[in-house]
Amino acid sequence: MSIVSVEHVSKDYMLGKTVVPALRDVSLAVGKGEFLSIAGPSGSGKTTLLNLVGCVDTPTAGRVIVAGQDTARLSERALTELRLRTIGFIFQSFNLVSVLSVFQNVEFPLLLQGGQTRKERAERVLALLDAVGIAEHARHRPSELSGGQRQRVAIARALVTRPALVLADEPTANLDSETGGNIIDLMKEMNRRDGTTFIFSTHDPKVMAHASALVRIEDGRIASREDLDAARLAGGR
Amino acid sequence: MIGVDLMIAGRNLARHTRRNLFLGGALAAVTALLVLLGALTAGMESAMMQSATTLMTGHVNVGGFFKITSGSAAPLVSQYPRVLETVRARVPEVDYVTVRGRGWAKAVSEHVSMDLVLAGVDVAHEPTFRKVLHVVEGDLEALSQPGTVLLFEGQAERLKVKVNDVLTLSAPTARGVNNTADVRVAAIARNVGLLSAFSAFIQADTLRQLYGLSPATTGAIHLYLRDPKDAPRVAARLRTALAEAGYRVMEPEAQPYWMKLMQTVPSEDWTGQKLDVTTADDEMGQFKQFILALRVVTGLLVVILMVVVVIGILNTLAIAIRERTREIGALRAIGMQRRKVLWLFVLETALLGLLGTGAGVAVALAVAGAVNAAGIALPEAVQVFLAQERLRFLLDPGAIATDALVLAAVAVLAAVFPARRAARLKPVTAMHHVG
């Protein structure tokens, strides 16, 4: 069963008076529990596709269905609510709230959701910080952390609401290869442990290798889709 | 959640210390100025009303004019005991009543002369007289003796007289002839602002003699109420009651009696007795206008300064929003609603507004307290203008709180427009903002 269904989606941007097509008639289905990588060169449309799936942008044509909801039919408020409860975001440049501590950054989506006691929130946040290996920095501000540590905080923030889907836009682009590898391992572990669906974009072949499925985009079109797990299984046989 | 919101707002303010100190400082300066100007005006108004309601007017007055011919007028209430009886019966709110003669006369000393507005008083029945007047020479009790006058320092200086010197008062009687009386200076009191420039007090019977009046005639009945705010209601009731009792009562007009005596009443076509019921505000109309004008000037000044502060807030928030656009985009992406973004920016400005106005109030209280404690004497010309001898700020907690809250509210309102702009940013646009 698909958690994300992209159907004949196109997205055009206006550059002055010129129409620049970012995506052209893209269709894609992502099943629950997948660890899907979107690969392609810069400007190929990876981020645009993630933005549309993440409901932070709207398509020029076509439909985007997330968790069974046609996003075109949702109000701005309902889209925000969908993002809050169903989707977790990991950004290339972390985008943590600089004036909050690590703990508070991770706790923030839970506060936006409401409904949990202080104790419940604290337990969930501390467990996640522990899981991403950053519990000892809970009181630190983001500016006091390294890039890899900040991205771990971002992962914890994305997962704290237990979303069905996590979107990561080039999560390792600002990290050295070793740290990047650790981050992907961490995401993979969360995918395995909780069954959370991950869709991440990258143009790093080492990162792509960790994915269960790989979608290649070129010039705004899906060039290929490979089931890497199946290939691994076949290779192992 | 409010705790985290406040933390974000507070830390964002602290992140740009210099910028926010400048803006908060400007807000504090405007607040301090508004509070101090308000306190100075209130101090003047209080001093003026306190001295006026003792020296010139009650909270409510039943005065009147007697006209032998239509072109003449004298400030008289004839058969006042009967009027007083009606007044007492219809005003249960009254605290105490005084009866005073009214008139004006030319005071002539050996060296010089000047016009004086005279009040004929019976000091034994004037309970607040002593509280307002500070006798610097002579004895207030001596004013109970016939043929005595109390002058203020400025008048005594101008007439070049001291206690026990004799003045000649010359005044026109109701019958249109001039009468004179020699009066001894019984006491000289410290100036109490503008009123003491032209008001003087003589013993009540002496005033009657000067004007050739009977003992049943007086100038006005002053009513002092337990709550001065009741004055307009009591005045309206008295007009009706006196009219029902058969007196001719003048239409209410917010003018001091001496202006009516000089201008309005002589031009009216009637003769005989008419009663005139006024409030302290009516009698002090011109002073009130002066205070109002002062408040308008103060208000304009504050509005101009607030425009500067509002522009500062708009600029500061525009910069803050530009700096935090990516953060706003990320927060919107992770599920923050638009109204929450709006709230965070408004809260930040509200916090700055409250801190700024709070600091301004603290500065104003310190300055006002220090000035009041120092008892800074004002030059005489300024004394007349400000209606007080020493620079005095009257601090009214309610007015100060209102000033501070209004200024903080203006700051918050100024923040709404840029905050709305921040809230309306599309997450995708905000996240990819470069700047």
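Buried means under 20% relative accessible area, exposed over 50%, and partly exposed in between, with a 1.4 Å probe and protein chains only. The model is predicted: local features need pLDDT of at least 70, side-chain atom pairs count only at pLDDT 80 or more, and totals for chains, interfaces and linings use all residues. Residues are numbered from 1 along each chain as its sequence is written, chains are lettered from A and ligands numbered from 1 in the order in which they are written, and side-chain values use heavy atoms, with hydrogens and water left out.

View 1. B:Val161 is buried, at 8% relative accessible area. The residue sits in the loop between helix H5 (153-159) and strand E6 (166-172) of chain B; helices (H or I, at least four residues) and strands (E, at least two) are DSSP runs, numbered from the N terminus. Leaving aside residues up to four places away in sequence, B:Val161 touches B:Ser109, B:Leu151, B:Ala156, B:Leu167, B:Val185 and B:Ile188. Contact means heavy atoms within 4.5 Å. B:His111 is 50 residues from B:Val161 in sequence, yet their C-alpha atoms are 8.9 Å apart.

**View 2. The interface of chains B and A.** Here 25 residues of chain B are in contact with 27 residues of chain A. The buried area is about 2400 Å², and carbon and sulfur atoms give 61% of it. This is the accessible area (1.4 Å probe) that two parts lose on being put together, summed over both. B:Arg11, B:Ile334 and B:Gln337 supply 25% of what chain B buries against chain A, more than any other three residues.

View 3. Chains B and A share 2 salt bridges, each a side-chain nitrogen of Lys or Arg within 4 Å of a carboxyl oxygen of Asp or Glu. B:Arg332 forms a salt bridge with A:Glu76; their closest N and O atoms are 2.5 Å apart. On the side of chain B that touches chain A, the elements giving two or more residues are helices H1 (2-15), H11 (325-333), H12 (338-374) and H15 (427-431) of chain B.

**View 4. The fold of chain A.** Chain A has 8 helices and 10 strands. Its C-alpha atoms fill a box of roughly 50 × 45 × 35 Å along the principal axes. Of the 237 residues of chain A, 54% count as buried. Among contacts in chain A with a separation of 6 or more, residues 24 or more positions apart account for 68%.
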